[in-house]
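Here is a short briefing on one protein model. Please read it with the structure open beside you.

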Amino acid sequence: MAKVPVQFTLNGSEKAEFVESGTTLLNALRDKIGDTSPKGGCHQGTCGACSVIIDGELRLSCLTLAETCGGANIKTTAGLAEGGVLHPLQRAFLDGFATQCGFCTPGMIMAAKVLLDRTPNPSREDVVEALSGNVCRCTGYEPIIQAVLSAARANSQNVA
Amino acid sequence: MSLALQTFSTVKDASAALQAAGARYLGGGTLVVRAANEGDVSLSSLVRVTDPSLSRIAVSGGKARLGASVTMAAVARHPELNALSPAARAVGGPAIRNMATVGGNLFAPAPYGDFTVALLALDAIVVTEDGEMPIETFLTGRNASRAVVTAVAFPLPAAESFRFRKVSRVKPKGVSVLSIAALLQRTSDGVVTSARIAFGCMADRPMRAKAAEKALLGCKLTSKEIAPALAAAGAGTSPITDPIASAWYRAEVLPVHLGRLLVG
Ligand SMILES: Cc1cc2nc3c(=O)[nH]c(=O)nc-3n(C[C@H](O)[C@H](O)[C@H](O)COP(=O)(O)OP(=O)(O)OC[C@H]3O[C@@H](n4cnc5c(N)ncnc54)[C@H](O)[C@@H]3O)c2cc1C
Ligand code: FES
Ligand code: FES
């Protein structure tokens, strides 16, 4: 099978790789580039564990072909911490016991990040809606919802 | 598994490539890449088109035209497409809506195809590389269709004349038990003068509810007057059975939800 070049920006740095045609972005990120923060839960679009942000929009990397991401700006949870300091969402997930086994966490955090980027002071309903494509088998969701709300509050206090 | 992706800048070139055995068009990929991930061996290549006109939304003179690559998220946030927003928001969760296209929804088998149910009630025109046709004709022949769909076009409904409801067990996002769309014209005192109703999940693809439409003519939307339409709702349906609901259940609850849509 012919390999094809893919080139995109991942968490601010340029990546260029050769992948087999038809490779999903999830597999390219994990197996080629070594960013294992997006998880492969179902490869069917139903769990959200593979969620990444492509050009500002939440997408499922398991259903996105790597070749279609040429020139794109991709963000994953691995790129959130700055200088060893966790992002407010990561901090809130840890502090609020919103992560147990952690498998859903990177997808949840990506979904929460696009929400807070657009809606800095979301309602509980906004949070539920934003996370509605992400499945968690451990927490029962409530701690996750509370963590996102508390990260939003922390952000707005920092701004004020 | 190997899958080759072919990228074209024009629909014409993509259409030629789609004639090859095992070739399928790639829209947002939420169904077709999923099929590939599940090991669908009938797929050997995917064909996509980068022409930006396929992502264009045009609204003018009371008419809307949505390019086939327009996503559910783009419809949901478009200020002039408010009437369609509930149907676009009914599709999947946020990430799916950023990917799922109008063109792909036209091909989605039940329990999917919620947006197409709305388009069917609106009597949309489906524009393909081979010409235009009413959506009903398109849906009947879609299994054999090899042409690239480029757009759908429809008259924008007045807000009060168009209703959409998706019934699902999981809120806010869940697969359809069924979905219903209705375009109703009424006189100033509320008598129905024309009705176009479409159902999702009541067959393998979205279908018209012709018996119910006919029974509604001349009625006011009161529980009493719509009773014959509800009684006729199941005519011609053959609901699907899936993990969400059995055909029996879907048939039982259809009149209840149609009644709520009409009276509620
Ligand atoms: C987790 C999950 C939840 C979902 N929930 C819903 C839901 O609630 N409601 C719903 O309606 N759907 C749902 N879907 C199904 C699907 O996402 C939508 O129906 C979507 O609109 C399909 O569009 P797509 O662009 O992703 O299609 P693709 O997967 O790209 O294509 C689907 C089919 O259509 C063909 N096709 C696509 N575009 C064209 C074109 N322009 N011309 C010719 N052929 C074309 C493809 O070849 C393929 O056979 C869900 C899917 C997943 C994975
Ligand atoms: S792995 Fe992509 S949605 Fe589950
Ligand atoms: S923490 Fe285990 S799946 Fe969410």
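Predicted model: local features only at pLDDT ≥ 70, side-chain atom pairs only at ≥ 80, totals over all residues.

Residues are numbered from 1 along each chain as its sequence is written, chains are lettered from A and ligands numbered from 1 in the order in which they are written, and side-chain values use heavy atoms, with hydrogens and water left out. Chain A and chain B bury about 2000 Å² between them. The largest pocket has a volume of about 1100 Å³.

**Interface between chain A and chain B**

- Contact (heavy atoms within 4.5 Å) links 23 residues of chain A with 24 residues of chain B.
- Of the buried area, 58% is on carbon and sulfur atoms. Buried area is the accessible area (1.4 Å probe) that two parts lose on being put together, summed over both.
- On the chain A side, Gln44(A), Leu63(A) and Leu65(A) lose the most area to chain B. Together they account for 25% of what that side buries.
- The two chains share 2 salt bridges. A salt bridge is a side-chain nitrogen of Lys or Arg within 4 Å of a carboxyl oxygen of Asp or Glu.
- Arg77(B) and Glu57(A) pair through their side chains in a salt bridge, at 3.6 Å from N to O.
- Strand 4 and helix 4 (124–130) of chain A each supply at least two residues of the side that touches chain B. Helices (H or I, at least four residues) and strands (E, at least two) are DSSP runs, numbered from the N terminus.
- Strand 4 of chain A gives the largest share of that side, 4 residues.
- By class, the side of chain A that touches chain B has 8 nonpolar, 11 polar and 4 charged residues. Ala, Val, Leu, Ile, Met, Phe, Trp, Tyr, Cys and Pro count as nonpolar, Asp, Glu, Lys and Arg as charged, and the others, Gly among them, as polar.

**Largest pocket**

- On a 1 Å grid over the protein atoms alone, a pocket is an open set of points with protein on both sides within 12 Å along at least five of seven lines. Lining residues have an atom within 4 Å of a point.
- Grid points are joined across faces, edges and corners, and a volume is the space filled by probe spheres set on the points.
- The largest pocket has a volume of about 1100 Å³, and 44 residues line it. Closest to its centre are Leu31(B), Val32(B), Gly104(B), Phe107(B) and Ala108(B).
- Strand 2 (23–25), helix 2 (32–37) and helix 6 (102–107) of chain B each supply at least two lining residues. Helix 6 of chain B gives the most, with 4 residues.
- The pocket lining has 19 nonpolar, 18 polar and 7 charged residues.

**Cavity**

- A cavity is a set of grid points where a 1.4 Å probe fits but cannot get out.
- The structure holds 1 cavity of 30 Å³ or more. The largest cavity has about 50 Å³ of space.
- Helix 5 of chain B gives the most, with 3 residues.
- The cavity lining has 6 nonpolar, 4 polar and no charged residues.

**Salt bridges overall**

- Over all chains, the structure holds 15 salt bridges.
- One joins Arg91(A) to Asp95(A), with the closest N and O atoms 3.4 Å apart. The two residues are separated by about one helical turn because they are 4 residues apart in helix 2 (residues 88–95) of chain A.

**Backbone details**

- Most residues other than glycine have a negative phi, and most peptide bonds are trans.
- Ala110(B) and Pro111(B) are joined by a cis peptide bond, with omega about 15°. Pro111(B) sits in the loop between helix 6 and helix 7 (114–121) of chain B.
- Lys171(B) and Pro172(B) are also joined by a cis peptide bond, with omega about 0°. Pro172(B) lies in the loop between strand 9 (162–168) and strand 10 (176–186) of chain B.
- Tyr141(A) has a positive phi, near 75°. Tyr141(A) is in the loop between helix 4 and helix 5 (142–159) of chain A.
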